[in-house]
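The entries follow the order in which I looked things up.

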Amino acid sequence: MERLLVLVRHGQSEWNLKNLFTGWKDPDLTEQGVAEAKNAGVQLHDMKLQFDIAYTSVLQRAQKTLTLILEELGQQGLETIKDQALNERDYGDITGMNKDEARQQFGEEQVHIWRRSFDIPPPGGESLKMTAERVLPYYRTEILPQVLSGKRTIVAAHGNSLRALIMELEGLSPEEILKRELGTGAPVIYRLDEDGKVISVEDLAD
Ligand SMILES: O=C(O)[C@H](O)COP(=O)(O)O
């Protein structure tokens, strides 16, 4: 039985383009983001992949990315479950701030800690660890059972919610996951064994 799980980070958003901390804010995709999402769909189509169920966050940049991918696959209307458990990490008080201006105000090192440390949250926001504490229970109880039952599954979400999931799937340490950058609109294709362990991984960004 095939146990397929594809993860894809949304295409470039308006706030990615403006270099703003986005978190739970809900900007739309840019033209480039739309093109990236369509390209992800073309790549999956070329690989002859089809899906039985889709998951996404409650944020439009992820939802639109998924819709554009499903259009390329001729799978419009596929059963899709939206849940805020898959939202981006909440950036708290620095949401909406320009990332370069934040570096000037708080210093390069502090901003790097907020963005890439494992367990230090930005003020009023979520660390990667806190993000994992909501993403992973959702994955284990909602998504993984579908994959293990043979439903080919695609998850369209965000840089840090997917990082949390990839950490678990690939058994990465906090240091290893923080170095892992996910390309916008670049699918990562996993095949799992009957226990949910990863048999193979293919990152189309590589
Ligand atoms: O929320 C954001 O600003 C981005 O989607 C991810 O931000 P990061 O690159 O700082 O993790």
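This is a predicted model: local features need pLDDT of at least 70, side-chain atom pairs count only at pLDDT 80 or more; totals for chains, interfaces and linings use all residues.

Entry 1, α4 and α5. I found that the axes of helix α4 (residues 99–106) and helix α5 (residues 108–116) come within 6 Å and cross at roughly 125 degrees. I took axes as lines fitted to C-alpha atoms, for helices over the stretch in contact, with angles running from 0 to 180 degrees between N-to-C directions. Helices (H or I, at least four residues) and strands (E, at least two) are DSSP runs, numbered from the N terminus. α4 and α5 are therefore oblique to each other; angles under 35 degrees count as roughly parallel, over 145 as roughly antiparallel, 65 to 115 as roughly perpendicular and the rest as oblique. K99, A102, R103 and F106 of α4 meet E108, Q110 and V111 of α5, where contact requires C-beta atoms, placed from the backbone, to lie within 7 Å.

Residues are numbered from 1 along each chain as its sequence is written.

I looked up helix α2 (residues 31–46) and helix α3 (residues 60–72), whose axes come within 8 Å and cross at roughly 40 degrees. α2 is therefore oblique to α3. On the α2 side the contact includes G33, V34 and A37, and on the α3 side it includes R61, K64 and T65.

Which order do the strands take in the open sheet? I read it as β3-β2-β4-β1-β5-β6, 6 strands with mixed pairing; two strands pair if DSSP finds at least two bridges between them. β3 and β6 (198–203) stand at the edges with a single partner strand each, so one side of each is left without a neighbour in the sheet. Neighbouring strands are turned by 15 degrees against each other on average, direction ignored.

Strand β2 (residues 53–56) runs parallel to strand β4 (residues 153–157), joined by 4 bridges, and Y55 stands opposite V155 in β4. β2 also pairs with strand β3 (residues 80–82) in the parallel sense over 3 bridges. In β3, T80 is the bridge partner of A54, and K82 is that of T56. I then saw that helix α6 (residues 128–148) packs on the sheet, touching β1 (4–9), β2, β4 and β5 (188–192).

Conventions
Two residues are in contact if their C-beta atoms, placed from the backbone, lie within 7 Å.
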